[in-house]
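Visitor: Hi, could you walk me through this one? I'd like to go through it bit by bit.

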Amino acid sequence: MSLFADKISIQALVAKEPLALPIIRDTAVKAGFPSPALDYMQDAIDLNQLLIKHPSSTFLVTIEGDSMIDAFIANPALLIIDRALQVCNGDIVLAVVNGDFTVKRYVRKADKVFLVPENKQNPKYQAMEIVDGMEFSVWGVVAHIISSPRKR
Amino acid sequence: MGCSGTYYFFSSKTLSMFAIVDCNNFYASCERLFQPQLEHQPIVVLSNNDGCVIARSNEAKALGIKMGAPAFEIQTLLEQHQVAVFSSNYALYGDLSHRVMQVLGRFTPAIEIYSIDEAFLDVAQFAFTDLSNYGSAIRAAVLQQVGIPTTIGMATSKTLAKAANRYAKKACKTTGVFVIDSEAKRQEVLEALPVEDVWGIGRKYQIWLDAHNIKTAWQLSNSNLAWIQKKMGVVGLRLVKELQGIACYDLEEQPAAKQGIMTSRSFGHLISEKKLLQEAIATHATRCAEKLRKQDSCCALIQVFIHTNAYRKQDAQYHGVLSIPIPTATDSTSELIQLAMSALDNIYKPGFLYKKAGVYVSEIVPRSQVQLSLFSSKDRGKEKQLHDAMDKINTLMGRDKVRYAAAGISRKWKLRQEKKSPCYTTNVNELLRIKN
């Protein structure tokens, strides 16, 4: 199930624990008619189940900055990082370069590895090639991006 | 003496094989995971109250920083070498430990969580595959999925697996796995292991063994069994058999019901005021009650203690302790607080500078086995409802959101943790922040 399908379907999403909405299954209604919906009730949708495939290797991080704004990483945003995912060409990753964290697109081209920012508006963000002498590792793969469009 | 014989691996009908997975410098590795600039840098983690060193990275070990060294004594050394110093962050370590154990549990359901950073696995079913490869796969999975480096030792007994692990830490730093699968390897490992580092050898036996010129684990494993049993009892006998590769201990998969629950803390600053001691004791009693309820049990004995700082020779010293038997075993916060308060009334003496206070509950029985006392006037049904509600609120909203007034709100006695890292994995307000 993709969260980011082009066609948007709207569903009620509720976290199961500890915020699950109570579902009344008790058919012994004291007065009046039982709800006609009673037979159709199902468990509430669980965001954890939807977004977190590997709980023991999933980490939440907050990100600030606009270097990945064209890749739908708003400023600020919450990222769901899954360390169990094998990094693939084109993934957005949380990488460590010379001891610093950065979130960029991981691009492999002809035996070279690049960390590519995505912000066409700002030319200061340039792709970085990973070369010998750099300490580089992929900390985890960005599995989901959560942003809140409503300004407080 | 010739008791060593052939290694059990080859002579056994029912083959046993244990692995012990040990997280390398666990607390330091946890801190490093979220601060990668500390890779290759010396790190130390301090005990509660920032008192002394309880964990070191390899780089810090190389600087000669000793386990248990008081922080104030090595202050200059720490600054000189720009050692990264952390207060202990048990929320973080506990969460990452849990994640490591989850990953290990996917390799085999037969797992004994031995400590926060160690687990035994029963890998007998894999004994005829390449165990080294299997160990490497376990290591790689934990490193990738959680980010914690580990070392793995494997052998036909737990004690020998422990020895193999120790050996791997020194001799196989890159592969991180050592399997004792031949008599030659058993000898190689045990000859390199000082007898005092054998799992289960205490200081007392070390001195005694040393006096009998037994200095390595190899010598111990070749000792006369009858003599060992006479001198060290059946425990010693088992220990030697385990060193020979004969498994005497199985995995303990179900953690035994706790014998007692201790909640105690040193104070951030020395305190003498009774009010503050009361708050601390009430909070500890609350914690004990919560733990009891969590494991569905009740206690029939509560002990309260307070003491001064024995290291401050300039201060007058006092150690007060009192146990109170409880007629009907209980898990009630209010009852435990009440009892703890009256115990404190009896042991508190003004004019002393107190360093530590604690509550210990014991004689623990399952709640279902509690016999109601004839004279109990408590309305237990109502109280259970109250505690269930409190536990629920506190689980949901955070520890101590709802608490008994006795536990206070000033918390002047609470821990000093000046260098604690954020709770990256357990508190949404303290997530890792990335500037991008």
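Visitor: Which residue stands opposite Val61(A) in S13(B)?

Guide: That is Leu432(B), which stands opposite Val61(A) in S13(B). Before we go on: this is a predicted model, where local features need pLDDT of at least 70, side-chain atom pairs count only at pLDDT 80 or more, and totals for chains, interfaces and linings use all residues. Residues are numbered from 1 along each chain as its sequence is written, with chains lettered from A and ligands numbered from 1 in the order in which they are written.

Visitor: And how do S1(A) and S13(B) run, parallel or antiparallel?

Guide: They run parallel, and 4 bridges join S1(A) to S13(B), residues 432-435. Strands here are DSSP runs (E, at least two residues), numbered from the N terminus, and two strands pair if DSSP finds at least two bridges between them.

Visitor: How many residues of chain A are in contact with chain B?

Guide: 20 residues of chain A are in contact with 18 residues of chain B. In contact means that the C-beta atoms, placed from the backbone, lie within 7 Å.

Visitor: Which element gives the largest share of that side of chain A?

Guide: S1(A) does, with 6 residues. The elements giving two or more residues there are S1 (58-64) and S4 (100-109) of chain A.

Visitor: What about S4(A), which strand does it pair with over 5 bridges?

Guide: S5(A), residues 112-116, in the antiparallel sense. The two form a hairpin with 2 residues between them, and Ala110(A) in the turn has a positive phi of about 45°. Within this pairing, Val113(A) in S5(A) is the bridge partner of Arg108(A).

Visitor: Switching to chain B: what is the strand order in its open sheet of 5 strands?

Guide: The order is S5-S6-S1-S7-S8, with mixed pairing. S5 (111-115) and S8 (177-179) of chain B are the edge strands, each pairing on one side only.

Visitor: How many bridges join S5(B) to S6(B)?

Guide: There are 4, and the strands run antiparallel. In S6(B), Glu118(B) stands opposite Ser115(B).

Visitor: Last one: what does the domain assignment give for chain B?

Guide: Domain 1 (17-155) and domain 2 (260-407), with bounds from an automatic or database domain assignment. The C-alpha centres of these two domains of chain B lie 33 Å apart.

Key. Contact = placed C-beta atoms within 7 Å.
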